[in-house]
Amino acid sequence: MDSMHPDPAPAPPPSLSDIKAQVARLEAAHKQKGLPLSGRIIHVMHHLPVEIVRIVPAESLEAGGILSPPMTPEFKPEDVEAKVESADAKWRIHARTAHPALVSGIKSLSDTHDQILVAWTGEVLLQPDTNASPQPPSQATFPSIAQNLLAPFSTQQETLSPTSPSVPTPPPDESPLMVFGGEFNDQEKKEVETELERFTEVEQKFEEGGRLKYLPVFLPPDVSKGHYEGFCKKTLWPLFHYLLWLDSTATVPSPDPSWLAYHKTNQMFAQRVAEVYKPGDLIICHDYHLLLAPKMIREALGQVFHPNAGWGTAHPSPAAHHANKRFDWDQSQQSTPTNANNDKSKTEKLGGFLSNVGSALGQHLSVGGEHGATPVEVMIGMFMHTPWPSSEIFRCLPTRREILDGMLGANLVSFQTYSYSRHFVSTCIRVCGYESTPGGVDANGQVTAVGYCPIGLDVKRVIHDRELPGVIPKMEALRQLYKDKKIIVGREKLDVAKGVYNKLQAFEKFLQVYPEWRGKVVLIQVTTPALSESPKLERMTAELVSHINGTYGSLDFTPVHHYHQALEKDEYFGLLSVADLALITSLRDGMNTTSMEFILCQDKTNKSPLVLSEFMGTVASFQSALQINPHDLLGVAHAINKGLNMPQAEKEERHQSLLDSVNGHTSYTWAATILKQLLENVGGEHTAHQTPALDVNKFSQAYKNAKKRLMLFDYDGTLTPIVKVPSHAVPTERTLSAISTLAKDPKNVVYLISGRDGDFLEEHWGHVENLGMSAEHGSFVKQPGDEEFTNMTEALDMSWMSEVEEIFKYYTERTTGSTIEVKKASITWHYRNSDPDFGEFQCKQCLDLLESSLAPRRPIEVLVGKKNLEVRPLAVNKGEIVKRLMYENPDADLIFCAGDDKTDEDMFRSLRTVFPPGGIHTNDPIIMKPPVAVTSALDPEEVAELKDVELHIRPDEIFATTVGPPAKKTLAAWHVTCPEEVVEALETLLESQ
Ligand SMILES: O=P(O)(O)OC[C@H]1O[C@H](O[C@H]2O[C@H](CO)[C@@H](O)[C@H](O)[C@H]2O)[C@H](O)[C@@H](O)[C@@H]1O
């Protein structure tokens, strides 16, 4: 390895067939366990891999109106001021080169799955119908490198080249294209949908595999512009590429209109997904354009999110039931037009159907199918194609929380590299206070798995392109042109993050420190315009090129050839094939496909070395490249020299290892792996089991019917939200009032069962009449009406407290912000206010120490709480207190018990374990023996006098309720999402009596 980077080299990749077999096994296992997978995947990505052209009669374009210039910089607005008058539009669809790795990856899953691709139409181009048949683009339109050789920096129109070797791609007409700047009416939307269906039918005839349907999202132009050119390119892109401070425009206005467009776009995508979703579909959202989509899709599908507790299911309404008739693939296939005559009616049917479902979605939507059926888990994956920055960078984003919560709506978030995934986890911990667990990011009990898998090339396509008949002549021409010279090649967008300027500086340094190479090496640098054109960067680049050429060139020799234009395929692959070295110096890049294409092209020729920036996703897989820090110009110069002098045997060895990596991590293996990762993270214990929302009506009815009720409440996180400082967690008036009213009712026995000490409980709850309290996890109990707490630990050895306190002190001194809460019979170490990562790390260390050194020889139990570690006597816990209360109140015919954290699970367990294993089959009472919490405080003689009691309660009269998301692992039978909902449920209950 030539440099340091944080990513481990990936293990040799499994073959595509192995991954696909794993996918099939996972799907079969899920189905067997009752998860009804539909066999469909809905992909959600920014724009369709097509270009939509609207053909309008030439005479219908006239000055002024609704057109706007396309994003290509060479377009002049004055050329395109025109408007459309005729409704008689026709459409033409072309394949387009957009994200070929992603698109080929998606397509490769069509052999096993029916797929839908939900994406924006892209800018729709307008073309006057001159009745002229389309002309293939002539060579003259795009001057070749050879023709351009001595031309200075120039700007040329970018070519659109087909993505697939076999798909028919009508060449662009030479008549000028303009962008349709208006909104689509319903008729036009239907027409575009029909054309897309027709296009995909044709496309699929040429491609292997199954069906992939394109479902366009029609964004109003101001929304699509604000979304992409605005928030995506001006805010997210610089942020994710560490360019925040390089561009003064990164200062975000407030409110940021581009954020509103981003939000709106994600919402429109989510609604479009909801229109076609069927229970059992897998949904995969792609890239930074759609970070809010996972959460919004859940919302559009009727799941509700609570910031403190994750996802729950919205209560379905009759409208929802009606709307739950889903878009059916086969039905839509039947209505796929087969000839021009029946196109219209059938497409109208489809369009009408979609818009009906869409409007119903505007109200409520249940994802569970028929009423009463168990809702099918909504399964969402998200893949980030760009880098993910350090949390220190990400936290500058004003909308950071919304973005993270949006992404965490997914079951899985996956990245290109391990280090991006690590940054993401750390960001969730630092920005949101969520926790990192072995399963992923835990957002209050809702776990999102975090993975990584580098994307690769569509190797078949590149091999095909590399062997196009036009490539060899281009290679020969280039060799002839640069006879006796070494060729260094680079091809990037002219975007600061791509590091072209640094590359030129490093090349200059190389010529400075290795004078022997002067006149013997050329750098052919091709750049394509970035969307956010930076005239400053263009100018600086041009100036530096002139400077290098002026300094190191001569009348008949130019060391740097810079072409700011798109290349013809032949030229591009020819150039990659003949090069003696590829130089890629990105300052930050999610992945980089040029380096992979270079490796594939070199397989047929020189096996030339690759000099690669260590700040790119690719680098982890390319250990055999000459890895460089692009900021270290001298280091890059040395690497160039090393590469140019490399012995052939070493070149071949390095090349083989790079080639193995390219062949092992293709776009196909990537897509199959993402699918596998998603399947590994759905239908599990956490996600498949959804604890139902507390049925308040049922609860109220049972409460009304009951003659005696046990009402048991945990405190922190149940009756009051978790806050930073423990002493600030005080009850609200509403909470006090609800609990006081319950406690006043003679039919009720009401207890707080808390980890807090008696003093705290007394201070805030002591005035509530008839309220029982259990403090410090059952170490102290105060019966309703009593004045004092009884110490249940009196007889216990408590000498361990000072030892624990010593250990906690050690960690407190070393963990800024952490504190110790010493109670009477237990002790808590809090790290909520410490650095989140470090606090968690220290907590794990401390836990290890306590469990390995103290717990085996002392009568203690160590509990991991909410950003705390607690140690309490082994003999007491909240579960024992619950048993004691059941024993003391055997005639109770309703029990409500609410809690939020792990210690409260002891209560829920006790409520279950009093019933015989295998359930109750008769009306016979349940015999309960005196529990430890009763016997431990008594002499043996007193114990002997105690009797078993008969309980008459039935499981459905017990409302064990956890506070947290439905997917939380719990023994409770019901859930509410937050403390406010506990109080609301009590208020509803009291009002209904
Ligand atoms: O059994 P509980 O009533 O839920 O009490 C458990 C512990 O809660 C308190 O700590 C937790 O809540 C604090 C206030 O919201 C929060 O700052 C802290 O991070 C949480 O861990 C309390 O301080 C402990 O003594 C209790 O044992």
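I began with Tyr 572 and Phe 573, and found that both are buried, where buried means under 20% relative accessible area, exposed over 50% and partly exposed in between, with a 1.4 Å probe and protein chains only. I note that this is a predicted model, in which local features need pLDDT of at least 70 and side-chain atom pairs count only at pLDDT 80 or more, while totals for chains, interfaces and linings use all residues. Residues are numbered from 1 along each chain as its sequence is written, and side-chain values use heavy atoms, with hydrogens and water left out.

**Rings**

I looked up aromatic pairs, counted when ring centres of Phe, Tyr or Trp (its six-membered ring) lie within 6.5 Å, with planes under 30 degrees apart called stacked, over 60 edge-to-face and the rest tilted; the structure holds 30 of them. Tyr 572 and Phe 573 make an edge-to-face pair, with 5.1 Å centre to centre and 65° between the planes. I also noted a cluster linked by ring pairs, with Trp 237, Phe 240, Tyr 288, Trp 388, Phe 394, Phe 415 and Phe 424 as its members.

For charges over rings, I took NZ of Lys or CZ of Arg within 6 Å of the ring centre and within 35 degrees of the ring normal. Arg 588 lies over the face of Tyr 242 at 4.1 Å from the ring centre, and the charged end of Arg 814 sits over the ring of Tyr 810, 3.7 Å from its centre.

**Helix α19**

Helices here are DSSP runs (H or I, at least four residues) and strands likewise (E, at least two), numbered from the N terminus. I found α19 (residues 593–602) mostly covered, with nine of its ten residues buried, among them Met 596, Phe 598 and Leu 600. The elements that cover these buried residues include α18 (569–578), α14 (459–466) and α21 (648–664).

I traced an open, mixed sheet of nine strands, ordered β10-β7-β1-β11-β14-β15-β18-β17-β16, where strands pair if DSSP finds at least two bridges between them. Its edge strands are β10 (212–217) and β16 (435–437), each pairing on one side only. β16 pairs with β17 (residues 440–443) in the antiparallel sense over three bridges, and the bridge partner of Glu 435 in β17 is Asp 442.

How values were computed:
Contact means heavy atoms within 4.5 Å.
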